[in-house]
Amino acid sequence: VESLTSDAMEERVPLDEVYERRLALIRPTRAELRDLSAVYITAALPGVRDAVSVWRDAGVHVVLVSGGLRDAIMPLATWLGIPDVDVHAVDVLFNGDNAVTEVTPGSALARRGGKPLVVEALALQRPLLAVGDGATDADLTVVADRFIAFTGVVRRAAVVVRAHSEVDSFAALTPIVLGL
């Protein structure tokens with residue numbers, strides 16, 4: 001799964017080819033997705049929660065667009081203070097054992113090129129800043145006024161080369177967000 005994810009984020013294989021394969025290998029349950037959400041919160045980078053709070057207090061509309069599973073992403077978004085309506089992630093279907101069976105059909109965020117479609121449909125106010133660390137985030141250069149590669153966890157050369165700039169911390173990102 002790690003290898004498949006890395007290959008997709010580095011653009012060595014299309015996301016469309018690996019998303020369902022990863023889910024088929026893991027078949028997470030609702031309980032495991034709750035556990036994963038707790039890990040997301042525990043492992044959050046220093047300053048992220050404070051940064052999002054500062055941005056929102058300054059009137060910045062913060063939207064989370066993720067290729068992650070919505071059930072795991074939502075508790076993190078709530079912890080960050082991002083309202084449910086501003087969270088866009090991959091919905092999945094569960095079987096009677098509460099295990100994931102598949103991605104909800106038509107889910108744009110489970111395929112390459114989906115993030116720009118979702119962001120464009122949101123008709124967000126300009127200027128529009130996109131920040132991320134993966135190839136699907138870098139795809140946002142077609143709809144955003146500016147894309148920043150976030151390299152605080154991992155630095156992917158294929159993403160950085162498509163970015164207007166890069167930052168490695170939320171402390172470094174905040175002046176850019178507030179300066180728009």
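**Aromatic contacts and packing in the predicted model**

W55 is buried, and F170 is buried too. Both residues belong to a model that is predicted. Two aromatic pairs occur in the structure. In one of them, W55 and F170 form a tilted pair, with ring centres 6.3 Å apart and 45 degrees between the planes. W55 belongs to helix α4 and F170 to helix α9, so this pair ties together parts that lie 115 residues apart in sequence. F150 and F170 form a tilted pair as well, at 4.8 Å centre to centre and with 35 degrees between the planes. F150 sits in strand β6 (residues 146-150) and F170 in helix α9, so this pair links parts that are 20 residues apart in sequence. F150 and F170 are both buried. Together, W55, F150 and F170 make up one aromatic cluster.

Helix α4 spans residues 48-57, and its buried residues are V48, A51, V52 and W55. Around the helix axis they cover an arc of only 95 degrees, which places them on the same side of α4. D50 and D57 are exposed on the other side of α4. The buried residues of α4 pack against two helices, α5 (70-80) and α9 (170-178). After α4 comes G59, which has a positive phi, near 90 degrees.

Strands β1 (residues 64-69) and β2 (residues 87-90) run parallel and are joined by three bridges. Opposite V65 stands H88, a residue of β2. From β1 the chain crosses through α5 to β2. This β-α-β crossover is right-handed.

Strand β2 also contains V87. The relative accessible area of V87 is 2%; with the cut-off for buried at under 20%, V87 therefore counts as buried. Leaving aside residues up to four places away in sequence, V87 touches L64, R70, I73, M74, A77 and I82. V87 and K115 are separated by 28 residues in sequence and by 12 Å in space, C-alpha to C-alpha.

K115 is one of the buried residues of helix α6 (residues 114-122). Just after α6, A123 adopts a positive phi of about 50 degrees.

The loop between β4 (100-103) and α6 holds L109. The relative accessibility of L109 is 6%, so L109 counts as buried. L109 and V177 are 68 residues apart in sequence, and their C-alpha atoms are 24 Å apart in space.

A contact between a charge and a ring involves R30 and F94. The charged end of R30 sits over the ring of F94, at 3.8 Å from the ring centre.

Notes: Residues numbered from 1 in each chain as written. Predicted model: local features only at pLDDT ≥ 70, side-chain atom pairs only at ≥ 80, totals over all residues. Heavy atoms only, no water. Buried < 20%, exposed > 50% of the residue type's maximum accessible area, 1.4 Å probe, protein only. Helix = DSSP H or I, 4+ residues; strand = E, 2+ residues; numbered from the N terminus. Arc of directions from axis to C-beta. Contact = heavy atoms within 4.5 Å. Phe/Tyr/Trp six-rings, centres within 6.5 Å; stacked < 30°, edge-to-face > 60°. Lys NZ or Arg CZ within 6 Å of the ring centre and 35° of its normal. Pairing = 2+ DSSP bridges. Right-handed = clockwise from strand over helix to strand, strands pointing away.
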